[in-house]
Amino acid sequence: MIALPVVLALALGGCVLQGDDQSRSAPSPSPSLSPKPVPGPSESESKTDTEAKSLKRFYTQKVHWTRCRQAMQCATIRVPLDYANPSGRSIGLDLLKVPAPDPKHKVGSLVVNPGGPGASGIDFAANAKSYFGAELRQAFDIVGFDPRGVGESTPIECVPDAKLDAFVASDPDPDTSQEWKRADSMLHQFGEGCLKRSGALTSHVSTAEAARDVDIIRALLGDRRLSWFGASYGTYLGATYADLFPERVGRMVLDGAIDPAVSNEQMSLAQAHGFEVALRAYVGSCVDRGDCFLGRTVDEGTQRIRRFLDDVERQPIRGSGDRRLEVGNAVLGIWAPLYNESYWPLLDQALKMALQGDGSALLSLSDQYTSRGPNGYLNNSLEALYAVNCLDHDDSMTSAQAAAKVPEFEKASPTFGAIFAAGLSSCEYWPVKGTRKPAPLEAKGAEPILVIGTTRDPATPLAWARSLASELDSGVLLVRDGDGHTGYNSGNECVDSTVESFLVSGK
């Protein structure tokens, strides 16, 4: 669920607000520079007085902001590697702040996360001017951070770029015993590489630990309550925070929601269907324009894409430089533009070229999806994605069990179903096992939390937003009728104005 760089999307349709108590307003957070003491660790967070004192040193540390990226400010804070042993090793988290222009009249700090897991909150905040509305930027310091194990925050490292290239390019839907064994071996080597290169960090990049880090960030920013904007995976991180610290939730927006109560299998099946729906919407747009290069009907178009993928699996085609377009890259190159409707013309061009034997444009889209530059990977987002996900789920299955699920998945997604079924075994061969069981996050007693879902979102289906809004004690659902991933800044004025009004004034 890697979030692509956000661009403006042209989406049709309106939005609908749903909730049990829409009249409630969230409290105003204290200004970021408030001299009042901020909450630190509570008794429920620490089993002993010694542990509470060990956490206190993190909540009361001095933060040294320095000028960076022209008018922005950067800082590094310390958090415990292991919250069960807070007096042990600590790790660094990097933060970036885009200050509100008038500190005297700002509401507070808005902490933001773009998704992933593995996407950089620092880069997200640095691009605040192109993503968040002027009213939000006037009212808040926009604060982004790279979560533990991600980007600049003690990044997890697993394999060299050459091995990562091979992993990304490999067949994502093995259909022979030999191909399954190769996939299992690559995943095992990937995970063992994390242990070898990153050691104990591999066991401590879970979302629950990252959420505890967020509370330290909140306290160090001087806010009594957390104002939060999380997209995609950022909704899971935000909901986890709210469940751990409901009394510290201020104004929280969860856009493109993940349902924490669904199993790994249920999640993968829903995503398989979501990407099929998104692909059919893309092909439908092509057909509606007339003389579609993929076929005369949506069925013809999707079948043509599936045949193309099968052809590339048998025989990779020319890419760029000395790189070929292999089937793993081809799949990611098709998925990437489905996240945002404004990318569809890029997919038109890339597919037209690829069908003529030139895979360079599709390879470029795949590289954008995995953050690969001309000379290697620009960050560790792909490594963090696997490391975090495998700690967050305890319900992986063997490759044999995953293979048995293929028919069911292909019913949900004829084009991509086998790929998502194969992914069910991704964490079975990971060296560190997750312990979290799927369960609702309720955040009992929290102030209203705004949950956003989009009707044809490929990565986070609307059903998840509906579920999360109902599971949260104070969830309010906002629905965007449209295409692409997430709802805010997607060309829908109803969604944008609702989000901004809620964050700025609590309405």
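This is a predicted model: local features need pLDDT of at least 70, side-chain atom pairs count only at pLDDT 80 or more; totals for chains, interfaces and linings use all residues.
Colleague: How many residues, helices and strands does the protein have?

Modeller: The protein has 507 residues, of which 59% count as buried. There are 19 helices and 14 strands. Its accessible surface comes to about 20,500 Å², and 51% of that surface belongs to carbon and sulfur atoms. Among contacts between residues at least 6 apart in sequence, 76% join residues at least 24 apart.

Colleague: Why is strand E6 described as largely enclosed by the rest of the structure?

Modeller: Strand E6 covers residues 140-145, and six of its six residues are buried, so the strand is largely enclosed. Both of its faces are covered. Phe140, Ile142 and Gly144 are buried on one side, and Asp141, Val143 and Phe145 are buried on the other.

Colleague: Which strands pair with E6, and in what sense?

Modeller: Strand E4, residues 90-98, pairs with E6 in the antiparallel sense over four bridges. Within E6, Phe145 stands opposite Leu95. Strand E5, residues 108-113, pairs with E6 in the parallel sense over five bridges. There, Leu110 has Ile142 of E6 as its bridge partner.

Colleague: Why is Asp82 called partly exposed?

Modeller: The label "buried" requires a relative accessible area under 20%, and "exposed" requires one over 50%. Asp82 has 24%, so it is partly exposed. Asp82 is found in the loop between strand E3 (72-80) and E4. Asp82 and Val205 are 123 residues apart in sequence, while their C-alpha atoms are 9.5 Å apart in space.

Colleague: How do you know that Cys68 and Cys74 form a disulfide?

Modeller: The rule asks for cysteine sulfur atoms within 2.5 Å. The sulfur atoms of Cys68 and Cys74 are 2.0 Å apart, so the pair counts as a disulfide. The torsion about their S-S bond is about 80 degrees, and the disulfide is therefore right-handed. Cys68 has a relative accessible area of 14% and is buried. By this rule the count comes to four disulfides.

Colleague: What makes the link between Cys286 and Cys292 right-handed?

Modeller: The torsion about the S-S bond of Cys286 and Cys292 is about 105 degrees, so this disulfide is right-handed. The S to S distance is 2.0 Å, and both Cys286 and Cys292 are buried.

Colleague: What is the handedness of the link between Cys390 and Cys427, and which parts does the pair tie together?

Modeller: With -85 degrees about the S-S bond, the link of Cys390 and Cys427 is left-handed. Cys390 lies in helix H14 (residues 381-392) and Cys427 in the loop between helix H17 (417-422) and strand E13 (449-456), so the pair ties together parts that are 37 residues apart in sequence. Their sulfur atoms are 2.1 Å apart. The relative accessible area is 2% for Cys390 and 17% for Cys427. Both values are under 20%, so Cys390 and Cys427 are buried.

Colleague: Why are helices H9 and H11 called roughly perpendicular?

Modeller: Angles of 65 to 115 degrees count as roughly perpendicular. The axes of H9 (residues 264-289) and H11 (residues 327-338) cross at roughly 75 degrees and come within 10 Å. H9 and H11 are therefore roughly perpendicular to each other. The contact is made by Phe275, Ala278, Leu279 and Tyr282 of H9, together with Ile334, Trp335 and Leu338 of H11.

Colleague: What makes H10 and H11 roughly antiparallel?

Modeller: An angle over 145 degrees counts as roughly antiparallel. Helix H10 (residues 298-314) packs with H11 at about 155 degrees, their axes 8 Å apart. H10 and H11 are therefore roughly antiparallel to each other. Their contact is made by Ile305, Phe308, Leu309, Val312 and Glu313 of H10 and by Val327, Ala330, Val331 and Ile334 of H11.

Colleague: Which residues of helix H18 are buried, and what do they pack against?

Modeller: In H18 (residues 462-471), Leu462, Trp464, Ala465, Leu468, Ala469 and Glu471 are buried. The buried residues of H18 pack against helix H8 (233-244), strand E8 (249-255), H9, E13 and strand E14 (475-483).

Notes:
Residues are numbered from 1 along each chain as its sequence is written. Side-chain values use heavy atoms; hydrogens and water are left out. Buried means under 20% relative accessible area, exposed over 50%, partly exposed in between (1.4 Å probe, protein chains only). Helices (H or I, at least four residues) and strands (E, at least two) are DSSP runs, numbered from the N terminus. Two strands pair if DSSP finds at least two bridges between them. Contact means heavy atoms within 4.5 Å. Accessible areas come from the Shrake-Rupley method with a 1.4 Å probe; for residues, only the protein chains shown count as cover. Axes are lines fitted to C-alpha atoms, for helices over the stretch in contact, and angles run from 0 to 180 degrees between N-to-C directions. Angles under 35 degrees count as roughly parallel, over 145 as roughly antiparallel, 65 to 115 as roughly perpendicular and the rest as oblique.
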